[in-house]
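Dear colleague,

I am passing a structure on to you, together with my notes on what came out of going through it.

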Amino acid sequence: MELSELTIHKAHELLKQKKISSLELTMALLERIDACDEKIGAYISIAGEKAIDQAKIADEAIAKGNISPLTGIPVSIKDLICTKGIRTTCASKMLENFVPFYDAFVIKKLKKENAVILGKVNMDEFAMGSSTENSSIKITHNPWDLSRIPGGSSGGSAASVAADLCLASLGSDTGGSIRQPASHCGVVGIKPTYGRVSRFGLIAFASSLDQIGPLTKDVTDSAIMMNAVSGYDRNDSTSVSVDVPDYTSFCKKGLNGLRVGIPKEFHSYKGLDPEVDLAVKNAVKTLEDLGALSVEISLPHTEYTVAAYYVIAPAEASSNLARYDGVKYGFRDMDKKTLIEMYKGTRSQGFGDEVKRRIILGTYVLSAGYYDAYYRKASQVRALITEDFKKAFKKCDVILSPVAPTPAFTIGEKADDPLTMYLSDIFTLSANLAGIPGMSLPCGFSKSGLPIGLQIMGMHFNEEKIFKTAFNFEQATEFHNKKPMR
Amino acid sequence: MKITHDEVMYVASLARLDLHEDDVEMFAEQIGKILEHVDTLGNVNTDGVEPATHAISLSNAFRNDDKKEHANREAALSNAPEQEDGAFIVPKIIE
């Protein structure tokens, strides 16, 4: 096995036994990025020298016996998480030359463990999109089929993990942006409970929905990353001060009596690809064979999820993105002579079409005369969607569903049709609206060889049952061991 | 159409965006379709439902008003498109 193919936990064992050094591991990854990323297009910035320095520091720590699960482990970071001294573009012309002078909370956490940051990976501009096609920097290709999208918005994260261009990645999820690319690239991605991981240093899209989480090669690695990044942070006032369990402790065998909820509304969804439907149904059978009990549940407001989300998220985005005014950081239109003209010139040239579309939509639904009909109504429906989950979780421990209605589509296929693109987020949006955790893990392949993901959702701060379910499923199946052509 | 050409122009100007004529047409059509879908929310009975503004119930996060270190001025200005004498420079506001 090549070093780049290692999982975090296998690499950790080898580092601990001093069979490999972090420098060797980091060099292997940098060489692989150099050789292969031209065809994948995952990385926006490669922090080679810094990575080598971090690897050397990690090796020194290991030599002194100071090793934790992420010490010396090379990771990639979605390009909207601030990294001190490493350009953070948000895949936007607006921030093309932005170099943060501080680290996000999650980056501080990774550095505390002496993890190695290889570089920053591609995404849809400001995390708005489901295909990474909205990046103003480059296109990212799905490692399983280069003519297809990797999913989005954390497409660079998912592709870099799937193509062994890092051992793990941090992404962010506002409406499915970790889970959907994880599904399309055949890796494990979890959106934690809202408030579980600090958003300090995460460039904001929709603040009541955004959450950082890991994309990894298997479930154990996901638990290791969650251990590292979770926890209260006084710099994020929505961060929640509850104890963080050791997530790896739930990665053990035994599912007896676990109740898995199957939402009747999800499987009657018209746009659901039969291959995805079958893969998810087979996954339920696998879990039943392992001792789980499946129960039918109902999430009656499912059909209103997309409508509620595409009022709330753009509304919050229009407010958050008001800060890009050409004054404090980022792009400025230098030709304009008055302040208002400068604002307009800066924002019109700095933002791409999808970002503009959501700013206009968000400004419209918040504007005088429309606020009650749109924003207030959507927030009420959000309350009902959350209530649906609370009721459902009285009958079950986790909820299972597809992640995306179809496997990855081809580049350019939906680029001109925003509503169709939005409608394909149907299975992932509700977890963000309700603030509950959700994971995508590999559960099958289409006939054409594209990965299919299973979504496992849990109640607030109940990631443990997700890990337990996912770990047992993974142990009983081989999907996570299959890799795209190298 | 659900949202008119003029409404798109007006809202864009509120959001400090200048749009090309072609883009106004495109956005009006696309946003119109999205708003038609959003209108399905009207089918939901929300009488007496308290709007959810956050995913989880939160109370105000207070901290003590203690003196602590903050970013230095040089760092805070390091990404400014234009700066001088420790300040952000903007186009002239008052004639």
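The radius of gyration used below is taken over C-alpha atoms, and the globule rule it is set against is 2.2 Å times the number of residues to the power 0.38. Please keep in mind throughout that this is a predicted model.

By that rule a compact globule of 95 residues would have a radius of gyration near 12 Å, but chain B has 23 Å. The C-alpha trace of chain B spans about 55 × 45 × 25 Å along its principal axes, and its elements, 3 helices and 2 strands, run α-α-α-β-β from the N terminus on. Buried residues make up 32% of the 95 residues in chain B, and among its contacts between residues at least 6 apart in sequence, 32% join residues at least 24 apart. The accessible surface of chain B comes to about 6,800 Å², with 45% of it belonging to carbon and sulfur atoms. As for charge, chain B carries 8 positive and 20 negative side chains, and the centres of these two sets lie 11 Å apart.

Chain A agrees with the rule: for its 486 residues a compact globule would have a radius of gyration near 23 Å, and chain A has 21 Å. Its C-alpha trace spans about 65 × 55 × 45 Å along the principal axes, and the chain holds 16 helices and 11 strands. In chain A, buried residues make up 66% of the 486, while residues 24 or more positions apart account for 77% of the contacts with a separation of 6 or more. Chain A exposes about 16,100 Å², of which carbon and sulfur atoms supply 51%, and the mean positions of its 57 positive and 56 negative charges are 4 Å apart.

How much area do chain B and chain A bury between them? The figure is about 5,200 Å², with 69% of it on carbon and sulfur atoms. Within this, R16(B), L41(B) and N79(B) supply 13% of the area that chain B buries against chain A, more than any other three residues. The contact takes 55 residues from chain B and 66 residues from chain A.

Not counting residues up to four places away in sequence, S379(A) touches I312(A), P51(B) and A52(B). Its relative accessibility is 2%, and since buried means under 20%, S379(A) counts as buried. S379(A) and Y364(A) are 15 residues apart in sequence and 16 Å apart in space, C-alpha to C-alpha.

Two further helices of chain A deserve a look. In helix α15 (residues 426–434), 9 of the 9 residues are buried, so this helix is largely enclosed by the rest of the structure; among the buried residues are F427(A), N432(A) and L433(A). After α15(A) comes G435(A), whose phi is positive, near 80°. Helix α16 (residues 463–476) contains F473(A), which is buried with a relative accessible area of 1%. Leaving aside its neighbours within four places in sequence, F473(A) is in contact with A283(A), T286(A), L287(A), L290(A), L441(A), P442(A), C443(A) and F479(A). By contrast, F473(A) and L361(A), 112 residues apart in sequence, are 41 Å apart in space, C-alpha to C-alpha.

Most residues other than glycine have a negative phi, and most peptide bonds are trans. A91(A), although not a glycine, has a positive phi of about 55°; A91(A) lies in the loop between β2 (74–78) and α4 (105–112), and at 0% relative accessibility this residue counts as buried. A127(A), likewise not a glycine, has a positive phi of about 70°, lies in the loop between β3 and α5, and counts as buried at 4% relative accessibility. The loop between β3 (116–121) and α5 (155–162) also holds S153(A), and the peptide bond from G152(A) to S153(A) is cis, with omega near 10°.

With best wishes

Note on methods
Residues are numbered from 1 along each chain as its sequence is written. Chains are lettered from A and ligands numbered from 1 in the order in which they are written. Side-chain values use heavy atoms; hydrogens and water are left out. Helices (H or I, at least four residues) and strands (E, at least two) are DSSP runs, numbered from the N terminus. Buried means under 20% relative accessible area, exposed over 50%, partly exposed in between (1.4 Å probe, protein chains only). Contact means heavy atoms within 4.5 Å. Accessible areas come from the Shrake-Rupley method with a 1.4 Å probe; for residues, only the protein chains shown count as cover. Lys and Arg count as positive and Asp and Glu as negative; His and the chain ends are not counted. The place of a charge is taken as NZ of Lys, CZ of Arg, CG of Asp or CD of Glu. Buried area is the accessible area (1.4 Å probe) that two parts lose on being put together, summed over both.
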